[in-house]
Amino acid sequence: MRTQAIDWAAVAPPTVLALGALLVLVVDTFAGPPRSRRAALVPATLTVLSVVVAAGPAVRLWDATHRTFCVVRPLQGPASCSFVVDRFTLVFWGIVLFGTAVVALLGTVAVAEGRTPLGEFNFLLLCSATGALTIAAARDLITLVVALEVVSLPAFAMTGLRRGDRRAAEASVKFFLVSVISTAVMLMGVSLVYGATGSVFLDRIDAALAGGVEASQVAVVGTLLTVVGLAFKVAAVPFHMWVPDTYVGAPVAVAAYLSVVSKAAGFVGLMLVLVDGLGALADVWAPVMAVLAALTMTVGNVLALWQQHAIRLLAWSSVAQAGYILVPFGAAGASERAVGASMGYLAIYAFVNLGAFAVAAVVGTRYPRQRLTDYRGLVRDEPGAGWALAFALVALAGLPPGVIGLLAKVVVFDAAAGPATWLAVVMAVNVAIGLVYYARWLAELFRPPVTEGASRYDVPNGVAVAIGMTFTAGVVFSVFPGWLLDPVLGVLG
Amino acid sequence: MSAWLLNGLVALPFAFAVLTRLLARRETAAVVVAVLGGLVTLAWSVAAVLAPGPDVDLPWIAQLGVRWHLGLDGISGPLVLMSTLVVALCVVSLVRHDLGFGARSDLAALLLLIEAGVLGSFLALDMVLFFAFFEVALIPMWFVINGWGDRHDEAGRRRAATRFLVFTVLGSALMLVGFMIVRSQTGTFDIVQIAASYRPTGVAGVTAALLVGLGLAVKTPLWPLHIWLPDAHSKAPTVGSVVLAAVLLKLGTYGFVRFWMPVTDPGWRLLAPFVAGLAVVGIVYAALACLAQTDLKRLIAYSSVGHMGFVVLAVATFTVGGVQGAVFASVAHGLITGLLFFLAGAIKDRYGTGDLARLTVLYGKVPRLAGLFAFGAMASLGLPGLAGFWGEMLAIRSAVYPSAGLPAPTYTVLAVIAAFGVILTSAYFLALMRGMLQGTPAAVRPVNEDVRSVELATREVAPGTAEAGALRRDVDVLEWLTWTPLVALTLLLGVAPGLLLVPISVAAKAFFGGLS
């Protein structure tokens, strides 16, 4: 057996993030607790730097597909690889890296509060992001499951990181238990699929299923269990119960991470497993996904209607948005168009939602209770944050001037209309329901403030940068949507 | 040159809106800029209509096949001119208006934003682009109702605003689903190509036509989907009602002509007659509802439902005459109902109420205002010689001679009922004029010789004071300036309908290949 050549260029970005995580930990250990506010920004700065360094080699991978960790068995056709970096992977890496940088910057609001150890926070964040990068490149079930756990384990710790906060601890435990169960279910499904097809590589599973396997019933059960396991990760109804409590209990930055990066990792797992691996069984899982999508968006939107707590509202809205992302799976089955639509929605949702969380983090410094009425007059009090949140809400609702949010819905409708018109109609109704609560929140922003006066917020620089990043991205892509959507939707074409 | 004219028509109001907002600290300057924006856009639209040129057609989102396709023809041209005129007049009317609360300049900026979205929708020849512009106007309109609406009823105006938003978005989302199905059938979003070559068939074709029609029916609105409209109109500020009625509803009727007709086959036995039937029910229902209204703005709002019924009836005949009737009636409704809402707002400003039980003898107090209202009401009920007549006449005429594939007897019955609706319309407008302008015998019976003794305001006002003077304040210069163009055009189109009908018929024949 010869030694394998490793394509270091392909594995560089996750490696850089892992090394960055270690660096943050070491620096934090030697520097001790930060003595000034400026010193407290060091871990976040290191995290952002790691992200930038990781993004460098990633950009150069766009032109050709890179494969590594391959198994060659001459009698069984072409080599199967565990780690593949293609354009699909890179688009997702873009989402993860952008999200990680924004979350690291959001973490700096905790500086003033002083109860969250920022060194550990950034270490865990980078660890989790390493897993998120890996999962997008994983092309076998083992790598995929392990990477998914690498995403989740640090996330539990991040959720409960705030010292002396019982809500955070409770949120963390709840999140942990749900996640462990979902992993167990998924492992069961994965092992059944392996048993039925004799391989863990997605391409070989696909080939085996397409050729017809003896134990097809086993493969079907395995598929359904895998779907259920991943449905927990993406918080699809009825596997969503952990979301609101966890988001509310966790620090806002962590909630943002869970709703964007961690959830995106779940979706990418779903895309890879279902489309690349189990594409031949689309007849089985597509109807399941369609029902899940319809349930998820309806429950998410309807329950969001009653929320008065901003983060809880965002939590339910993020459940609803997960439903929209699932629509193309349910509608188009195993076609590549479905993945394109879901990727497009996910990419847009990522920075729009991060923008909303970023402003929520600012308001949370003044109003920890996060009632919607606490946002009254924000546009007048703190125009930068106010307009950014207004834009994010309008884009989440899918209306101009958030053109990009509108196009996200266009993309999903495009995938669904025709193959599953009923699902598209359900989604249309949901878009209208969703408006009610976004509009309610929006109205608060523009109401005259209770007390006229100068800005009452002390916006930390890091968060200001995060808001600026998400807002600028939203506006630029609203004016030139092709810049984002053409590469993302062209991923598979 | 033409590309500049078309893109400018969308970009100008947007740019002026941003500029107005940036100047918000200096209220007067901001309002002046907004007025300038309204007038410049009006002039620009005249130039664009007078200098026809090729379409703008550029790729916008290549992967989705969405194109930046703008064009202007005889179908969209009249609506564009009417919209720019009405918005310009609305902004001009804000020069003096004391709203009591909320910044005038912000309201003006929102009106210009709405204008940008509306003009984009009229110009768009790509289905997704139409949808996107269609939605542009919604958030600003929501702000207008929510922020500047009925100041006595905050909960009510919020409910009205949100209901307007939710209904409209539901409609447009369904319409978008329909567009996507059409795309999956034809492979293009370009409505010009679709109108020229698409022959809708099968379940997918019917579903698409149903969804597009349903979405537009909410916007237009078609009975029974009109329930958002009376609230939105009555709670909105005057300029909001004017823009909503005159301009925003036209997105629905224009959508029916431009985007629903090409994806619908008149040969289907059920769909077109069904739509025509709903339109006629709407005409009669609206007229009956008007007879029962006690609030002036709600009454005018319901009368809009009736007028939109005529437009949709005309569309559902699938004839050139129908298209002429639909576009002409849309423009006429914009001018006349715009004027009526301006007048209703003026009355409400003076007397603090729109309650018809309290408003009487306006001829005696504000004769010019009352005279203008009588003119508007006459135009609205379809008096020959004024603009309102031709649209309704053409709608009924084309219903008598519908397209070949349609069941002629059904349409004849519908035409007769619609004509009956015209009579009912006359009935409620005459009742309104009698009650509000002339006053009932009981009200006029002189308690003493001074008509002012028939108190109109919500509270007692001592005669001779400044406030009593306000109650008798007749049309002032700014109001003349704002309303005269509407009156003049109503007259002009009444005596010379060919000004519009000829270009509309030319454009309709060019756009729809096989229309007779």
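A residue counts as buried under 20% relative accessible area, as exposed over 50%, and as partly exposed in between (1.4 Å probe, protein chains only). By that rule Asp276(A), at a relative accessible area of 32%, is partly exposed. This is a predicted model, in which local features need pLDDT of at least 70, side-chain atom pairs count only at pLDDT 80 or more, and totals for chains, interfaces and linings use all residues. Residues are numbered from 1 along each chain as its sequence is written, chains are lettered from A in the order in which they are written, and side-chain values use heavy atoms, with hydrogens and water left out.

Start with the partner of Asp276(A). It forms a salt bridge with Arg139(A), with the closest N and O atoms 4.0 Å apart. A salt bridge here is a side-chain nitrogen of Lys or Arg within 4 Å of a carboxyl oxygen of Asp or Glu. Arg139(A) is buried, at 8% relative accessibility.

Chain A has another such pair. Asp245(A) and Arg312(A) meet in a salt bridge at 3.3 Å, N to O. Asp245(A) sits in helix α11 (residues 242-249) and Arg312(A) in helix α14 (residues 310-332) of chain A, so the bridge ties together parts 67 residues apart in sequence. Helices are DSSP runs (H or I, at least four residues), strands likewise (E, at least two), numbered from the N terminus. Asp245(A) is partly exposed, with a relative accessible area of 29%. Arg312(A) is partly exposed too, at 24%.

The side chains of Asp106(B) and Arg21(B) form a salt bridge (3.3 Å, N to O). Asp106(B) belongs to helix α4 (residues 104-123) and Arg21(B) to helix α1 (residues 2-22) of chain B, so parts 85 residues apart in sequence are tied together. Over all chains, the structure holds 14 salt bridges.

Now turn to where the chains meet. The contact (heavy atoms within 4.5 Å) takes 31 residues from chain B and 35 residues from chain A. Together the chains bury about 2,800 Å², 81% of it on carbon and sulfur atoms. Buried area is the accessible area (1.4 Å probe) that two parts lose on being put together, summed over both. In chain B, Gln63(B), Leu64(B) and Met180(B) lose the most area to chain A, together 18% of what that side buries.

One salt bridge is counted between chain B and chain A. Asp414(A) pairs with Arg183(B) in a salt bridge, the closest N and O atoms being 2.8 Å apart.
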